[in-house]
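Student: I have a structure to study and some questions about it. Can we go through them one at a time?

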Amino acid sequence: MIDITVKIGGEAGFGIMTTGLLLGKIATRSGYHAFEYSEYPSLIRGGHNVIEVRISDEKVYSQQKQVDILLCLNLETFNKHASEVKEGGIIVYDTEKIPESKLNKPDVNLTYVHVPFVSILQEHKLSTVMLNNIALGALMHLLGADLNILNAAIVENFARKNQEIIDKNILAAKLGYEKTQKEMPQGYKLKLPKLKNIIPRLYISGNEMIGLASIAAGCRFYAAYPMTPTSALLHYLASQAQNCGMVVKHAEDEISVINMALGASFAGVRSMIGTSGGGFALMVESVSLAGITETPIVIVMGQRPGPATGMPTWTEQGDLLFVLHAGHGEFPKILLAPGDVEEAYKLTITAFNLAEIYQTPVFIIGDKYLQESHQSVEKSIIEGYKFKIDRGKLLSQEELSKLTEYKRYLITKDGISPRAIPGMKGSLHQANSYAHGEDGHTSEEADVRIKQVEKRNKKAQTFLMNDFQMPVLYGNRQTPLTLISWGSVKAPILQAMSKFKDKFNYLHFSYLWPLDKIKIKSLLSTFKKTLLVENNSGAQLGQLLTMVTGLEFEKKLLKYSGRPIYPEEILDKISFST
Amino acid sequence: MNNNNSIPPTPASPKPVAPVSEHTAGFSGYFPTWCPGCGNFGIWQALKMTFNKMKFDPDRLSIVFGIGCSGNMNDFLWANSFHALHGRAIPNAIGIKIANHDLPVVVIVGDGDCYGEGGNHFLHAARGNHDITVIVHDNRVYGLTTGQVAPTASQGFKSKSTPQGIIEVPVNPIALAVSQGATFVAQGFSGDMNQLVELIEKGVAHKGFSLVNIFQPCVTFNQINSYNWYRDRIYKLTSENHNPRDLNSAWQKSQEVTEKIPLGVVYDVDRPTYTDSLPQLSGKPLLDSALNIDLAQFINDFV
Ligand SMILES: Cc1ncc(C[n+]2csc(CCOP(=O)(O)OP(=O)(O)O)c2C)c(N)n1
Ligand code: SF4
Ligand SMILES: [Mg+2]
């Protein structure tokens, strides 16, 4: 089995992220599976950026601790990460820029490759932004990959630039490739062999996948105010807006974001918004407005470590209970949390249907780890996913014309009232933030109040009956230990499981609210031993499950350093606790 | 100024005084619960007269109401409406307009709602030249919450929340709108219904962001800015004394806020609206765009 991790580090502003992205893309195109993880501070220039790409001929779910090839564009990368490189690995660096005297070389057997990035640039009069292509060329040689694939990627990447820029970038890659060729000892083994069977795959981030899914689902209005880790969703949709006929609005603040989307949705357009914890905090009053006006909306809530501004570019799952409780008053909301890009695609499409079926806010809870990491996924899974756009009880003009009287908040058995769109003949109604009766007019009468509260609550029951999905159990049912988690933690858990198949199984929650109390309780009661794994300090899923089922979770693996959980940490914890 | 023994306004929940069939009543809803003599009555009548005059169909008119005595008009004026949160009516209205730019979209808000709680939205809606009409009930107080200062209150105004008098100077709605890119700015008085109808009609017909700031005496919580107080100061803008297409002249008029106060169209210029600037919307409203789309081109970007 081939399983290689390449880590690239340097100062922010030198195209390191692009280098990693292109590397993952090239590996994917060559038929390999790839997973990317990046760490960077909230700075534009300076600071320390690293990106790692794990490449394998088997499915990869997450990053790993050990590094095979470390490419250092500055001294800090060398000294911080050299110890992560495993026996027999390679460290590439610029001897002219990084003085030998300052290096902390680890005590294991490594190959050091000297590539004078800076003098290559100077010699060939290339600009510093092309440094990343020298690095990519070097990596192409080290991995035994075909330089032509890189050249094709460069041509694509710079399609809008003139030929001279393209040629210079291609030259930079070639120089990096050739220099490395000269430096490398003959017959070293770390190469990626050419694969016979190349399965077409996408190399895509969680943000891009949510965006792609929203286009597929018929979302035609997206509003956001930039905030990591969800900004890239705004960038992606803004870049595609004219191609797919979507209006993408960068509004003045998050309060405006959600209210514009509610307006567009009231007027009949499928609408989505995206933010992170701080921005979402500003939206909370309007989540409640969506609840009482029964306006569909899909909200992408990308978590990052808080409180307040917290650690903007890092990852955490600290907002589950915040989202669960967001919005004053009582109304149903639906919480979904994809664990990988494939789930992100399917759940986003589902979210749009659920929002319109239940006429209530639906959340896609992500985090920096899922949303910003690129990973490969079979193209056929995305292309072949069959779904139907279900607009719930949205009335057609024909259906509306047949009604003698239209009541927006009609009391119904399932709690869902027929919805008409302003502009349709006979649609006259109001969506009211005040408590109201069936016709939408303000009412403070006790019996009217009770009926409308019960009507809205009923929607949660209907959801549990018709659309709720139980958590999925991965692995062998018979193993003595069950890991329990949600969202992006699926990645390191499945990665750990791929190595030790019979040690544990994994219960993955992606439908987080409303929960079917009885079914969940009886399922949880069948497990002999459990280990709750979460990327937060409060074991928030654990708290939620305890609230719903009364069951307590004793053993926990919680991480809240702003870093994702590593498969190695899961295996350590398991061998310790079994 | 004595606000202490003023009567509180009637509760937000109106009793259906005269239930009417929604399809035959034009725009008339329930009978208002405002205090007798409240300036809101004049605005309400003027709105209904304008919509009838413009031959609007209640099914095809969208109104977003703010929260306040003014916003309570949601139950007195029938149209396809969205009763918003306090301060947030403007973004709702922008969303509606983007979704269906064929619908006229009108926002009915109080001065606290529009210039205080929602002040940021107001600035940005003007900049964007979103094609909505914002009708502000400028009574210089918070009516519904029983008489605190509004951002439009004159310096020194005593209220429940400023018993010693407000320290801040008032916002200047007209100057604010003109300076932030609004393309139609007018000022009216709820004591002059004929002019109000004219201003609202012009505002709604205008393509782009329009503000109609309306002096609306609150007879319960503002004893100072009464009908007579306004009548002593207002004068009408005419083609002789003002050119609304001229920014300098509009700016000058916007500074007349104490001794002489102008009524009429202060500013009226043309600039492409937000929705007219989006190629996605050139054919038909967003609402009518197809939901199913060939995904191949989007998927292939990631191969
Ligand atoms: C977020 C929020 N804060 C406060 C309130 C309470 N509130 C309701 S109306 C209002 C002020 C109303 O003043 P204005 O907007 O001038 O309207 P008026 O009643 O004068 O027409 C306030 C503070 C609220 N509903 N929501
Ligand atoms: S604005 Fe003043 S007068 Fe009018 S209803 Fe409210 S409290 Fe009464
Ligand atoms: Mg007011």
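Student: Which residues does Pro32(B) touch, not counting residues up to four places away in sequence?
Tutor: This is a predicted model, so contacts are computed from its atoms. Contact means heavy atoms within 4.5 Å. Leaving out residues up to four places away, Pro32(B) touches Phe41(B), Trp44(B) and Phe76(B).

Student: Where in chain B is Pro32(B) placed?
Tutor: Look at helix H1 of chain B, residues 40-53. Pro32(B) lies in the segment before helix H1.

Student: Is Pro32(B) buried or exposed?
Tutor: Pro32(B) has a relative accessibility of 7%. Buried means under 20%. Therefore Pro32(B) counts as buried.

Student: How many Å apart in space are Pro32(B) and His130(B), C-alpha to C-alpha?
Tutor: In sequence, the two are 98 residues apart. In space, the C-alpha distance between Pro32(B) and His130(B) is 30 Å.

Student: Which residue has a backbone oxygen 2.6 Å from a polar atom of the side chain of Thr293(A)?
Tutor: Start with the place of Thr293(A): helix H10 of chain A, residues 277-293. A polar atom of its side chain lies 2.6 Å from a backbone oxygen. That oxygen belongs to Leu289(A).

Student: Which side chain joins that of Thr293(A) in a polar contact of 2.7 Å?
Tutor: A polar contact needs N or O atoms within 3.5 Å. At 2.7 Å, the partner of the Thr293(A) side chain is the side chain of Thr295(A).

Student: Which residue of chain B is in contact with Thr293(A)?
Tutor: Thr293(A) is buried, at 1% relative accessibility. Its contacts beyond four places in sequence include Arg408(A), Tyr409(A) and Asn432(A). From chain B, the list holds Phe82(B).

Student: What kind of peptide bond joins Thr228(A) and Pro229(A)?
Tutor: Most peptide bonds are trans. Pro229(A) sits in the loop between strand S8 and helix H8 of chain A. Omega is about 10° for the bond from Thr228(A) to Pro229(A), and that bond is cis.

Student: What is omega for the peptide bond joining Gly306(A) and Pro307(A)?
Tutor: Pro307(A) is in the loop between strand S11 (297-303) and helix H11 (320-325) of chain A. The bond between Gly306(A) and Pro307(A) is cis. Its omega is about -10°.

Student: What is the phi of Ala308(A)?
Tutor: Most residues other than glycine have a negative phi. Ala308(A) is not a glycine, yet its phi is positive. Ala308(A) is found in the loop between S11 and H11 of chain A. Its phi is about 50°.

Student: Is Ala308(A) buried or exposed?
Tutor: The relative accessible area of Ala308(A) is 72%. Exposed means over 50%. So Ala308(A) is exposed.

Student: Is Ala539(A) buried or exposed?
Tutor: Ala539(A) also has a positive phi, about 50°. Ala539(A) is in the loop between strand S20 and helix H19 of chain A. At 5% relative accessibility, Ala539(A) counts as buried.

Student: What radius of gyration does chain A have?
Tutor: Chain A has 578 residues. A compact globule of that length would have a radius near 25 Å. The value for chain A agrees: 26 Å.

Student: What percentage of the residues in chain A is buried?
Tutor: Chain A holds 20 helices and 21 strands. Along its principal axes, the C-alpha trace spans about 85 × 60 × 45 Å. Of the 578 residues, the buried part is 63%.

Technical notes: Residues numbered from 1 in each chain as written. Chains lettered and ligands numbered in written order. Predicted model: local features only at pLDDT ≥ 70, side-chain atom pairs only at ≥ 80, totals over all residues. Heavy atoms only, no water. Helix = DSSP H or I, 4+ residues; strand = E, 2+ residues; numbered from the N terminus. Rg over C-alpha atoms; globule rule 2.2 N^0.38 Å. Buried < 20%, exposed > 50% of the residue type's maximum accessible area, 1.4 Å probe, protein only. Polar contact = N/O pair within 3.5 Å; in protein donor to acceptor, adjacent residues only side chain to side chain.
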